Amino acid sequence: MKAVVLNGPNDFAAVEDYPKPQIGPGDMLLEMKRTAICGTDIRILEGKKTKDVRYGHIIGHEISGVICEVGAEVEGYSVGDRVAVENVIPDGTCAMCISGHDNVCLHRQAIGYEFDGGFAEYVFIPEVAIKGGNVVKLTDNISYGEGALIEPLSCCLRGQRNAGVKFNDVVVIVGAGPIGLMHTLLAKAAGARKVIVSELNEFRRGKALECGADIVVDSANEDLKGIVMSETNGVGADVVIVAIGIPALVNPSIELVRKNGSICLFAGFTKGVKAEIDPNLIHYGEIRMCGSSAYRRQDYQEAAQMVMSGAVDMKPIITNVFKIEDFQKAYEAVKSGADLKVEIEP
């Protein structure tokens, strides 16, 4: 089958002879229809993220498709079902899972990491994932492209829950890439009174407005802190979400938060980088600072319902689609910043 094989940092190529997966009685095979390229995928391709990555294999974890083979022991699914895939597979028995934090399972596996991922014509779905409920049927009213984005939307939902976004909040989102735009959609869906998005790229600022942002700020030419304080009568934002992994932005983002507010460092940062922060901002402001890792099963199920019900519209975020054999062009499109979500199809 056609697939994109990662051989090492900055060493990947589309091939036509990768072995097509063979399923067992408890497994299924998915014919990939769309797999979106994630910022994490870019970090993996460039060797900036290596944990659990297997070289000589296939990555890609934002996946939708149609079931083309079903093992004899699989129940509840049929050939032809349109589905999206929850890629994180917790073990269900570790201390984190037992305490309800399966998103940070101590022994979790994932499709696109321990199992081959979605940058291929066919995707193997193991029995453990099927039994765990990782395969979600899609309604006919949404496209495969939208279905692939349920996974990153689930991650954003987890981040907003960690940060405590609620009705009537003023929310500041730093960065209007695909993730920042999803945070914009979710904040508005949660009833945020005002969403302020900071972004250097003019095209992305326009997309932020399309996704419901009330105010967009070009922080290279405008005073973001001044605008936030002006819009909040000098109080500051209830929640700030940092949706871009630039360490130098961490402390200035803390300065935007009101006393007793919260800030979520949502974006992944390159391993080994450090950020300087003023601890007095956190101490005297009683500011809550949180991270966010993957998503819980509940997050994925609820994100799927939001997409399929039309509560959030993911279509504006998808801006380009490439064939597997044109993966290099897709990679370059993501790196250029000219596109938002770039997706791969067979």
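Predicted model: local features only at pLDDT ≥ 70, side-chain atom pairs only at ≥ 80, totals over all residues.
## Helix H5

Helix H5 covers residues 150-163, which makes 14 residues. From first C-alpha to last, H5 reaches 20 Å, close to the 20 Å expected at 1.5 Å a residue. Gly-164 follows the helix and has a positive phi, near 80°.

H5 is mostly covered, with 12 of its 14 residues buried. The buried set takes in Ile-150, Glu-151, Pro-152, Leu-153, Ser-154, Cys-155, Cys-156, Leu-157, Arg-158, Gly-159, Gln-160 and Ala-163.

## Helix H11

Helix H11 has 13 residues, and its first and last C-alpha atoms lie 18 Å apart, close to the 18 Å expected at 1.5 Å a residue. Gly-310 comes after H11, again with a positive phi, here near 85°.

Asp-299, Tyr-300, Ala-303, Ala-304, Met-306, Val-307 and Met-308 are the buried residues of H11. Their cover includes strand E5 (82-85), strand E9 (135-137), helix H4 (144-148), H5 and H6.

## Packing of H5 on H11

Two packed helices are described by the angle between their axes and the distance between the axes. For H5 and H11 the angle is about 115° and the axes are 8 Å apart. The crossing of these two helices is right-handed.

On the H5 side, the contact is made by Ile-150, Glu-151, Leu-153, Ser-154, Leu-157, Arg-158 and Arg-161. H11 contributes Gln-298, Asp-299, Tyr-300, Glu-302, Ala-303, Ala-304 and Val-307. By type, the residues of this contact divide into 7 nonpolar, 2 polar and 5 charged.

## Nonpolar cores

The largest nonpolar core has 49 residues, and those with the most contacts inside it are Ile-150, Leu-153, Val-171, Val-312 and Met-314. Elements giving two or more residues to this core are H5, strand E10 (170-174), helix H6 (178-189), strand E11 (194-198), strand E13 (237-242) and helix H11 (297-309). A second, separate core of 44 residues includes Leu-6, Tyr-18, Tyr-331 and Ala-333.

Ile-150 belongs to H5 and is buried there. Setting aside neighbours within four places in sequence, Ile-150 is in contact with Ala-84, Leu-138, Tyr-300, Ala-303, Ala-304 and Val-307.

## Val-128 in helix H3

Val-128 sits in helix H3, residues 127-131. Because its relative accessibility is 40%, Val-128 counts as partly exposed. Val-128 and Pro-90 are 38 residues apart in sequence, and their C-alpha atoms are 9.3 Å apart in space.

Terms used: Residues numbered from 1 in each chain as written. Heavy atoms only, no water. Helix = DSSP H or I, 4+ residues; strand = E, 2+ residues; numbered from the N terminus. Expected span 1.5 Å × (residues − 1). Buried < 20%, exposed > 50% of the residue type's maximum accessible area, 1.4 Å probe, protein only. Core = buried A, V, L, I, M, F, W, Y, C linked by side-chain atoms within 4.5 Å. Contact = heavy atoms within 4.5 Å. Axes fitted to C-alpha atoms, helices over the stretch in contact; angles between N-to-C directions. Left-handed = near helix turned anticlockwise from the far one by under 90°. Nonpolar A, V, L, I, M, F, W, Y, C, P; charged D, E, K, R; others polar.
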